[in-house]
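Please examine the sequence and the three-dimensional structure shown here before reading on. The paragraphs after them are intended as a guided reading for someone meeting this structure for the first time.

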Amino acid sequence: MIRIDSRLPFTVNTVRIERARQILLRAIGRTEGEVDVLLTDDPGIRELNARWRSAPRPTNVLAFPPSGPLPEEMRGGFLGDVAISMETARREAEEHGTGIDARIETLLVHGIAHLLGEDHELGPYEAHRMAMLEAELIDLLHREKTMADLCINIDHVATLRQARGTVEPDPVTAAGIVELAGADGIVVHLREDRRHIQDRDVRILREVVQTRLNLEMAATDEMIGIAATIRPDIVTLVPEKRKELTTEGGLDVAGNLAHIREAVARLHEAGIPVSLFVDPEMHQIDSAQKAGAECVEIHTGRYAEARSPIAIEEEFDTIVASARHARDLELRVHAGHGLTYRNTARLAAVAEIEEFSIGHSIMARSILVGLERSVREMAAIVKTGRPA
Ligand code: PXP
């Protein structure tokens, strides 16, 4: 758990710190609740230092193994607390010329190494051993952070609800479970015909989603107005036809450049970054950059539908080439559509793809094995690049 000292004079985005905490805990073979983190200010850390270490001065990080008799349920499990002064971390980030996130990660690693029994103050040998462990943990953290994120499209929870016109299952509840199971983001498509996700869903999701909310939508005036009010973390512009079962093909950015560019500009005015859902075609990717988007989501439908080994290979190569081209143009790369437990692993190993947007296959499996398990199984594929 991450706790924020109420006296902290600025707000802190804990999403990245929490991700680092979880990766590090996994790396040292510990579980979720075994290291708590307190983010405090200089007076806060000075107080802790004075009280527990008789050193009445501020510092950057302190580690506290559990002291005294622990409650039964914690014995043998809880490793301890790490307290970080966000004020000192900020100053140090500036001095070191690194970002605040990188500095906090370094401090967190230092604290965890202490909790594991290392102590650089004991002598040069111990200092060296601790530094080796810290370097190993930082390396691991970076490697894992470069793995793709899994964002989960929960539209079909709403499809089931709308099939009966009732209130269940609620996509808002599903979003919470999906996040707890390890998803990096929630995706919903608010369609013009409101066939699954409703306006109310998007409004509540904006309040409750703790990771990030990606709103898929058509580039219409109505939708841009809704996005500007709700302010999702990112909008993905998709083509939309009323009769289609699901999104068919990517957005023709090249053929509608002026219109898409204007939509992107209006979303940017509202402070919302934009991704464009495009087919893996070079001219569409070039146009996405010209339209001012910061990201493309490469449509993986043709790859997913290819049946012969040669066709699969061709489609795979096309996606890889498009992803590389997009990265060369400094666009971030997402991918999605039609991805399943069988065809995602190969794409997850493509370094240029930063994020996957997957819906139907996960929801379909959840009916049989449960939502949490379905998410965990897909996350394992996306994070390792290995088939289940
Ligand atoms: N990405 C986009 C742009 C989509 O429109 C969809 C379907 O709503 C998806 C990803 C997810 O596709 P699937 O449900 O096939 O995983």
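The model is a predicted one.

The reading begins with strand β4, which covers residues 80-85. Five of its six residues are buried, so the strand is largely enclosed by the rest of the structure. Strand β2, formed by residues 35-40, runs parallel to β4 and is joined to it by six bridges. Within this pairing, Leu 38 stands opposite Ala 83 of β4. Strand β3, residues 61-64, also pairs with β4, but in the antiparallel sense and over four bridges. Here Ala 63 has Val 82 of β4 as its bridge partner. As a general point, side chains in a regular strand alternate between the two faces of the sheet.

Attention now turns to His 334, which is placed in strand β11, residues 332-336. Is this residue buried or exposed? The relative accessibility of His 334 is 2%, and because buried means under 20%, His 334 counts as buried. Its side chain makes a polar contact with the side chain of Glu 355, at 3.4 Å. Leaving aside neighbours within four places in sequence, the residues in contact with His 334 are Ile 234, Ser 275, Cys 295, Val 296, Glu 297, Ile 298, Ile 353 and Glu 355.

The empty spaces of the model come next. Rolling a probe the size of a water molecule over the atoms shows where empty space is left. The second largest pocket holds about 600 Å³ of space. It is lined by 29 residues, of which His 156, Thr 246, His 337, Gly 338 and His 360 are the closest to its centre. At least two lining residues come from each of α6 (155-164), α12 (301-305), β12 (355-358) and α15 (360-369). By type, the lining of this pocket comprises six nonpolar, 16 polar and seven charged residues.

How many cavities of 30 Å³ or more are counted? There is one, and the largest cavity contains about 40 Å³ of space. Its lining consists of Arg 16, Ile 17, Ala 20, Asp 101, Ile 104, Glu 105 and Leu 108. Helices α1 (15-27) and α4 (100-115) each supply at least two of the lining residues, and α4 gives the most, with four. The lining of the largest cavity divides into four nonpolar and three charged residues, with no polar ones.

Notes:
Residues numbered from 1 in each chain as written. Predicted model: local features only at pLDDT ≥ 70, side-chain atom pairs only at ≥ 80, totals over all residues. Heavy atoms only, no water. Buried < 20%, exposed > 50% of the residue type's maximum accessible area, 1.4 Å probe, protein only. Pairing = 2+ DSSP bridges. Polar contact = N/O pair within 3.5 Å; in protein donor to acceptor, adjacent residues only side chain to side chain. Contact = heavy atoms within 4.5 Å. 1 Å grid on protein atoms, 1.4 Å probe; cavity = no way out; pocket = protein on both sides within 12 Å on 5 of 7 lines; lining within 4 Å. Points joined across faces, edges and corners; volume = space filled by probe spheres on them. Nonpolar A, V, L, I, M, F, W, Y, C, P; charged D, E, K, R; others polar.
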